[in-house]
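Try each task before reading its solution.

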Amino acid sequence: MSDRQTDALGRLWPAYGLDVPDGPVVPADLFGRRAPVVLEIGSGMGDSTAAMAAADPDRDYLAVEVHTPGIANLLDLADRLGLHNVRVAQGDALSLVSGLPTDVLDAVHVFFPDPWPKARHHKRRIIQPAHVALLRSRLRPGGTLHCATDWAEYAEAMRETLDADPELVDAYGGFAPRPAHRPVTKFERRAITAGRPVADLLYRRR
């Protein structure tokens, strides 16, 4: 990590970070208020999360990531932008979701998850039926599950999996137009430059 990231982690983790616990997670306790909550699964270096949280101060953003430099970078961004609606969890996203109450999330974002392209590794993908059922159960009725990927085969597999969930409704009847609220990241620019178009999928809980 850079000196800046190391400093941010040391200063800000006690107030804004949490290790994924084995027990319940209560968003109102984490943020010190009751507000709609967005769960960001795999926040990477945090640029997208910080930008969305800055543009959306009435909602709280709970990011979960395993990569320590990314966590430190998001903490630094939140500090520099004066964001009080960001918290960062380190650990397994599904364990975190299991600890959340049902019907508590306003939205779940799964942007550019690892596609695990080899067939024998598909079982590691985050978007698969059992995981989707868990994520959906934590969404409030009308809440949204928004996925994005630059891997065409995974995009089709995501769509098939999401369509199969009886409690989710495709908001666009297919791939969604690119939403303005999702910032363009360096990762996405590299994908487009490499000729990999990005697919967005937006589903609502019944």
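**Exercise 1.** In which helix does E188 lie? Find its burial and its partners too.

*Solution.* This is a predicted model: local features need pLDDT of at least 70 and side-chain atom pairs count only at pLDDT 80 or more, while totals for chains, interfaces and linings use all residues. Residues are numbered from 1 along each chain as its sequence is written, and side-chain values use heavy atoms, with hydrogens and water left out.

Step 1: E188 belongs to helix α8, residues 186-193. Helices (H or I, at least four residues) and strands (E, at least two) are DSSP runs, numbered from the N terminus.

Step 2: with a relative accessibility of 2%, E188 counts as buried. Buried means under 20% relative accessible area, exposed over 50%, and partly exposed in between (1.4 Å probe, protein chains only).

Step 3: a polar contact at 2.7 Å links the side chains of E188 and R182. Such a contact is a pair of N or O atoms within 3.5 Å; within protein, one must be able to donate a hydrogen and the other to accept it, and residues adjacent in sequence count only if both atoms are side-chain atoms.

Step 4: setting aside neighbours within four places in sequence, E188 is in contact (heavy atoms within 4.5 Å) with F112, R178, R182, P183 and V198.

**Exercise 2.** Which residues does L105 touch beyond four places in sequence?

*Solution.* Step 1: locate L105 in strand β5, where its relative accessible area of 1% makes it buried.

Step 1: its partners are V37, L39, L100, R138, L139 and R140.

Step 2: for L39, 66 residues away along the chain, the C-alpha separation from L105 is 7.1 Å.

**Exercise 3.** Which elements do the buried residues of α3 pack against?

*Solution.* Step 1: in helix α3 (residues 47-55), the buried residues are S48, T49, A50, M52 and A53.

Step 1: they pack against β2 (37-41), β3 (60-65), α4 (68-81), β4 (86-90) and β5 (105-111).

**Exercise 4.** What surrounds A155?

*Solution.* Step 1: A155 lies in helix α7, residues 152-164, and is buried at 3% relative accessible area.

Step 1: beyond four places in sequence, A155 is in contact with T149, F175, A199 and L201.

**Exercise 5.** How many helices and strands does the chain have? Then judge its overall form.

*Solution.* Step 1: the chain has 8 helices and 8 strands. Its radius of gyration is 16 Å, close to the 17 Å that the globule rule gives for 206 residues, so the chain is as compact as a globular protein of that length. The radius is taken over C-alpha atoms, and the rule is 2.2 Å times the number of residues to the power 0.38.

Step 1: of the 206 residues, 50% count as buried.

Step 2: among contacts between residues at least 6 apart in sequence, 79% join residues at least 24 apart.
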